[in-house]
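Start with the structure, then read the points below by topic.

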Amino acid sequence: MITIQDMITRFGEQEMAERSNHENYEYINEDVLKAAIADAEEEAASYLRAAKLFFTDDTAPQVLKIKVCDIARYYLYDDAVTGIVEERYQSAVAWL
């Protein structure tokens, strides 16, 4: 549904490197970022299944991709969630 590039486009390469690579913050750890994306997609899918809505990668509307990016970003913050990240996550969940 979303890609690493979607996350970089929305939140910037620096933030994605800082949140996914806790050792040196210099590059994006794709495994960590992919795990956050997978968790976010599964969370979104659980809400969509409950509403009996199904989208493929090709048919997912942009607004859904934005919400899933916000959820993935939240997962990258572990125990250091900032106010805006928390707000965007809560907004995405409410929207779903």
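The points below go from the whole chain to single residues.

This is a predicted model. The chain holds 5 helices and 0 strands. Its radius of gyration is 13 Å, close to the 12 Å of the globule rule for 96 residues, so the chain is as compact as a globular protein of that length.

**Whole chain**

- Read from the N terminus, the order of elements is α-α-α-α-α.
- Along the principal axes, the C-alpha atoms occupy a box of roughly 40 × 25 × 20 Å.
- Buried residues make up 39% of the 96 in the chain.
- Among contacts with a separation of 6 or more, 66% join residues 24 or more positions apart.

**Surface and charge**

- The chain has an accessible surface of about 5,700 Å². Carbon and sulfur atoms contribute 49% of that surface.
- The chain carries 9 positive and 19 negative charges.

**Helix α4**

- Helix α4 covers residues 62–76, a run of 15 residues.
- From first C-alpha to last, α4 reaches 21 Å. That is close to the 21 Å expected at 1.5 Å a residue.
- Buried residues of α4 include Leu64, Val68, Ile71, Ala72 and Leu76.

**The loop between α4 and α5**

- Tyrosine 77 sits in the loop between α4 and α5.
- Is tyrosine 77 buried or exposed? Tyrosine 77 has a relative accessible area of 9%, under the 20% cut-off, so it counts as buried.
- Which residues does tyrosine 77 touch, leaving out those up to four places away in sequence? They are Glu15, Arg19, Thr82 and Val85.
- Arginine 19 is 58 residues away from tyrosine 77 along the chain. Their C-alpha atoms are separated by 6.3 Å.
- Aspartate 78 is in the loop between α4 and α5, the latter covering 83–95.
- Aspartate 78 has 53% relative accessibility, over the 50% cut-off, so it counts as exposed.
- Phi of aspartate 78 is positive, near 45 degrees, and the residue is not a glycine.
- Most residues other than glycine have a negative phi.

**Helix α3**

- Glutamate 42 belongs to helix α3, residues 30–50.
- Its relative accessibility is 45%, between the 20% and 50% cut-offs, so glutamate 42 counts as partly exposed.
- Glutamate 42 and valine 68 are 26 residues apart along the chain, and their C-alpha atoms are separated by 9.4 Å.
- With a relative accessible area of 61%, aspartate 31 is exposed.
- Aspartate 31 and asparagine 21 are 10 residues apart along the chain, with 9.7 Å between their C-alpha atoms.

**The loop between α2 and α3**

- Glutamate 26 lies in the loop between α2 (13–20) and α3.
- Where does glutamate 26 fall, buried or exposed? At 67% relative accessibility, glutamate 26 is exposed.
- The C-alpha atoms of glutamate 26 and methionine 16 are separated by 9.8 Å. These two residues are 10 apart along the chain.

Key: Residues are numbered from 1 along each chain as its sequence is written. This is a predicted model: local features need pLDDT of at least 70, side-chain atom pairs count only at pLDDT 80 or more; totals for chains, interfaces and linings use all residues. Side-chain values use heavy atoms; hydrogens and water are left out. Helices (H or I, at least four residues) and strands (E, at least two) are DSSP runs, numbered from the N terminus. The radius of gyration is taken over C-alpha atoms; the globule rule is 2.2 Å times the number of residues to the power 0.38. Buried means under 20% relative accessible area, exposed over 50%, partly exposed in between (1.4 Å probe, protein chains only). Contact means heavy atoms within 4.5 Å. Accessible areas come from the Shrake-Rupley method with a 1.4 Å probe; for residues, only the protein chains shown count as cover. Lys and Arg count as positive and Asp and Glu as negative; His and the chain ends are not counted. The place of a charge is taken as NZ of Lys, CZ of Arg, CG of Asp or CD of Glu. The expected span of a helix is 1.5 Å times one less than its number of residues.
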